[in-house]
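Open the model in a viewer and keep the selection tool at hand.

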Amino acid sequence: MRLALFDGDRLGLVADEKVVDISDLVSAPAEAGPGAAMLMLLGRLDSLKGQIEQRAKSSEPGMSLSEVKLASPLPRPGKILAAPMNYAAHRAEQKASGSVAELGVFLKANSSVIGPGESIQLPYTDRDVDQEGELGIVIGREAKRVSEEEALDYVAGYTCVMDITLKGQELRSTRKSFDTFTPIGPWITTKDEVPNPDDLQLRTWVNSELKQDARTSEMIWGVAKIVAFASSVMTLYPGDVIATGTPAGTCTIKDGDTVACEIEKLGRFEVGVTARDAVPAPRYE
Ligand code: MN
């Protein structure tokens, strides 16, 4: 199943280039904020699966994907974790000293998410920002100290994540948490459609130029190990997202660029880049 948010905060089931509105399956109070319905749906996926599949088979025509505006499927996840230096080739191009095994995982602010068609806001006129395309793991069940063997039982599905990054010496959580620095989309594909998340083609483009083209089989830590490790540090909850690291080919993005990420079985989405509100980097001493 492909689960989307569209036209503001509507829950959708995507199939065959159509979206069927399934918002009635969960009722989240409006004041719970963006994406609350998706978080509830993910937490109850096992019990609602039958009803959702019934909708997919129903004669309800749905709307064409081109007629709706997709939003990020997870506009305000409980938390966003990310694995640094999880591809040897990216580590080599960055001349980085540590790998994920030495560095562990880091947090990105959950206020940094944008969805398809929105724009990354470059914060500074005098600092570079890079794009990083990554496989995103979406948690489906509360997970605390789970083993690598059982880790995938706690996963709801997968999505495409861009881990946008200010270059420099600050901690990763600072450099990667600016508003708009975590585009997530185009929807969540449930894990039953992704039998092997550790072997998917991942590609990113800046404008029409292919910049990253790798397979997730190149990850140093695979999906199960990342989930097991993360859950050994903190409890994971439905809708939490873990970005699994980026392969080689990251590059600087500029005002007016378009960045696209596509992962096999998960779809493709694009965002813009703007320097409209950029200012010289302030000095805090
Ligand atoms: Mn990254």
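Donors are here the N, O and S atoms within 2.8 Å of the metal, and water is not among the atoms, so a site may look incomplete. The model is a predicted one.

Select the manganese ion first. Its protein donors are Glu132 (OE), Glu134 (OE) and Asp163 (OD), at 2.0 to 2.1 Å. Along the sequence these donor residues follow the spacing E-x1-E-x28-D. Glu132 sits in the loop between strand 10 (129-131) and strand 11 (133-139), and Asp163 in the loop between strand 12 (155-162) and strand 13 (165-166), so the pair ties together parts 31 residues apart in sequence. Glu132 and Asp163 are both buried.

Next, select Ile120, Ile137, Val227, Ile242 and Ile253. Within the largest nonpolar core, which has 48 residues, these touch the most other members. Strand 11, strand 12, strand 15 (201-206), helix 6 (223-233), strand 19 and strand 20 (267-274) each supply at least two of its residues. Helix 6 gives the most, with six.

Centre on Ile242. Beyond residues up to four places away in sequence, Ile242 touches Leu81, Ile137, Val227 and Ala230, among others. A second, separate core of 29 residues includes Val20, Val113, Ile188 and Val241.

Last, select Asp257, in the loop between strand 18 (251-252) and strand 19 (258-263). What does a buried Asp257 have around it, without a salt bridge? The nearest side chain of opposite charge, Lys254, is 7.6 Å away. The Asp257 side chain makes a polar contact with that of Asn207 (3.0 Å). Further along the sequence, contacts of Asp257 include Val206, Val271 and Gly272.

Technical notes:
Residues are numbered from 1 along each chain as its sequence is written. This is a predicted model: local features need pLDDT of at least 70, side-chain atom pairs count only at pLDDT 80 or more; totals for chains, interfaces and linings use all residues. Side-chain values use heavy atoms; hydrogens and water are left out. Helices (H or I, at least four residues) and strands (E, at least two) are DSSP runs, numbered from the N terminus. Buried means under 20% relative accessible area, exposed over 50%, partly exposed in between (1.4 Å probe, protein chains only). Lys and Arg count as positive and Asp and Glu as negative; His and the chain ends are not counted. A salt bridge is a side-chain nitrogen of Lys or Arg within 4 Å of a carboxyl oxygen of Asp or Glu. A polar contact is a pair of N or O atoms within 3.5 Å; within protein, one must be able to donate a hydrogen and the other to accept it, and residues adjacent in sequence count only if both atoms are side-chain atoms. Contact means heavy atoms within 4.5 Å. Donors are N, O and S atoms within 2.8 Å of the metal (3.2 Å for Na, K and Ca); water is not among the atoms, so sites may look incomplete. A nonpolar core is a set of buried Ala, Val, Leu, Ile, Met, Phe, Trp, Tyr and Cys residues joined through side-chain atoms within 4.5 Å.
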